[in-house]
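Please read the numbered points with the sequence and the model in view.

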Amino acid sequence: MRAVTERVDDHDDLLSRADARHPLVALRRGDGIVGIGEVVRLTFSGPDRVRDAAAAWRAIASAAEVVDPVHRPGTGLVAMGAFAFADGSSAPSVLVVPELIIGRHDGVSWVTRITRQGGEVGAVELPDPQPIGERPRATLAAASLSREEFTAVVGRAVDAIRAGRIEKVVIARDATASIPPDADRRALLHELADRYPDCLTFAVDGHIGASPETLVSVHGGEASARVLAGSTARGASAADDAAAAAQLATSTKDLDEHAFAVHSVLDALRPHVRAVTASDLPFTLKLPNLWHLATDVEMQLGESSSALDLVAALHPTAAVAGSPTDAALALIAELEPFDRGRYAGPVGWIDQDGDGEWVIALRCARIDDDGLLTAYAGAGIVADSDPDSELAETRMKFRPIADALR
Ligand SMILES: C=C(O[C@H]1C=CC=C(C(=O)O)[C@@H]1O)C(=O)O
């Protein structure tokens, strides 16, 4: 493949150039990349899906010719991808190399044109910005698990934990809505990006969302991750809000839930990194819909680890599966009556050097070509979990998608 990046005048609004029906997007605070068209699509499945993708990308990248005078995160040859949560999922895991990428980082804007070997670079015109269409309006309705069924399932998870079968498990539910098949998906992305500027607003192969949780971000030999687990609602007044955050920061239940997630990340990373540091205590992260307990992890990479190698090592973390991982996955398969698809799977991008940014697909939905939208939300269950509070937590986690549809 051949990729040529050139610097251009500032893009007004990246989203306005995205494909309205099949957007490819990774944006945070107005910066990021939008892909247009498709040069290559690789699909993967099964337990080795991320490792296979890492190997396939390494082979493609090492054979590619890349002209990249701009040299910023997201320039040069880039593939955008989304991976299924479960080994046995029927949802394909994909890496897509767009034909055109437009991007912006810290005031620098660029266009990258990508062709297969022998193809003529520059044949593809940069599309003009198109006004974003009207937002589709719809109401989410519980799908595979009714509210009563969800609380019953959480009760069974708590029993399994108290019986010593497992320490923590994340139980999710799905909710559906119907939008017009020709609705402009960018309108939903615009809303997500606007309301959740610090999250990564993403769209890859029909999966859209605004995730607060960075699985791993890799740049020039250094990497970082943001681990989230433990949540509470925002307070209605400033005083209530401060009290909610203070209570979360001292809640043994949430601190336990968080510690499992941090340990799973540190244990997975150690073999791949030269040095890794994380603070001893989590901080409280404020989102418009929730407070989360959060820990930032910084690391220096060993020589040959790409972002996808680290994703393969990390997925699934205890923030979306549980602890120990295998027992948690078995319990999820037993208790959740639906395929998570790419919900709680890795989504992001990787470049020719193996750098990239991958988040966990949370606060997200799948949109099928016929307009069926399926949103997902889960909650970490530990020994002290109360089923009704966990149900309320999933309602708050549906809010980014539910509000975007309102
Ligand atoms: C599983 C989800 O969130 C995870 C990430 C942050 C906090 C979580 C929690 O407090 O339970 C979850 O582990 C979801 O949003 O569907």
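1. His-71 is placed in the loop that runs between strand 5 (65-67) and strand 6 (78-82). The phi angle of His-71 is near 50°, a positive value in a residue that is not glycine. Most residues other than glycine have a negative phi, and most peptide bonds are trans. His-71 counts as exposed because it has 12 C-beta neighbours inside 10 Å, and a residue with 12 or fewer is classed in that way.

2. A positive phi near 50° is also found at Asp-106, again a residue other than glycine. Asp-106 belongs to the loop between strand 8 (100-105) and strand 9 (108-115). Is Asp-106 buried or exposed? Asp-106 has 7 C-beta neighbours inside 10 Å and therefore counts as exposed.

3. The model is predicted, and its confidence scores should be noted at this stage. The average pLDDT of the protein chain is 95, and 99% of the residues score at least 70. For the model, ipTM is 0.98 and pTM is 0.97.

4. Two cis peptide bonds deserve attention. One runs from His-315 to Pro-316, with omega near -5°; Pro-316 sits in the loop between helix 6 (307-314) and strand 19 (322-323). Another joins Ser-323 and Pro-324, where omega is about -10°. Pro-324 is located in the loop between strand 19 and helix 7 (325-335).

5. An unreviewed UniProt entry places the feature "domain: Chorismate-utilising enzyme C-terminal" at residues 147-397. Across residues 147-397, helix accounts for 35% of the chain and strand for 35%. The end C-alpha atoms of this stretch are 14 Å apart.

6. Which residues come nearest to the ligand? Among the 17 residues around the ligand, these are Leu-228, Ser-231, Leu-362, Gly-378 and Gly-380. The shell around the ligand is made up of nine nonpolar, five polar and three charged residues. At least two residues of the shell are supplied by each of strand 11 (168-178), strand 15 (222-233) and strand 23 (372-381).

7. Ala-175 is a residue of strand 11. Ala-175 counts as buried because it has 22 C-beta neighbours inside 10 Å. When residues up to four places away in sequence are not counted, Ala-175 touches Leu-140, Ala-141, Ala-142, Ala-143, Ala-375 and Phe-398. Between Ala-175 and Thr-139 the C-alpha distance is 9.4 Å, with 36 residues separating them in sequence.

8. Gly-209 is part of strand 13 (residues 207-211). Because 30 other C-beta atoms lie within 10 Å, Gly-209 is buried. Apart from its neighbours within four places in sequence, Gly-209 is in contact with Phe-202, Ala-361, Leu-362, Arg-363, Cys-364 and Ala-365. Gly-209 and His-263 are 54 residues apart in sequence, and their C-alpha atoms are 26 Å apart in space.

9. The largest nonpolar core has 129 residues, of which Val-25, Val-216, Val-227, Val-311 and Ile-381 touch the most other members. In soluble globular proteins, nonpolar side chains tend to be buried together. Leaving out neighbours within four places in sequence, the contacts of Ile-381 include Val-154, Ala-157, Val-158 and Ile-161. The contacts of Ile-381 also include Lys-168, Val-169, Val-170, Ile-171 and Glu-390.

Key
Residues numbered from 1 in each chain as written. Predicted model: local features only at pLDDT ≥ 70, side-chain atom pairs only at ≥ 80, totals over all residues. UniProt positions renumbered as here; feature names shortened; annotations may be inferred. Helix = DSSP H or I, 4+ residues; strand = E, 2+ residues; numbered from the N terminus. Near = placed C-beta within 6 Å. Nonpolar A, V, L, I, M, F, W, Y, C, P; charged D, E, K, R; others polar. pLDDT = per-residue confidence, 0-100. Buried ≥ 20, exposed ≤ 12 C-beta atoms within 10 Å, placed from the backbone. Contact = placed C-beta atoms within 7 Å. Core = buried A, V, L, I, M, F, W, Y, C linked by C-beta atoms within 7 Å.
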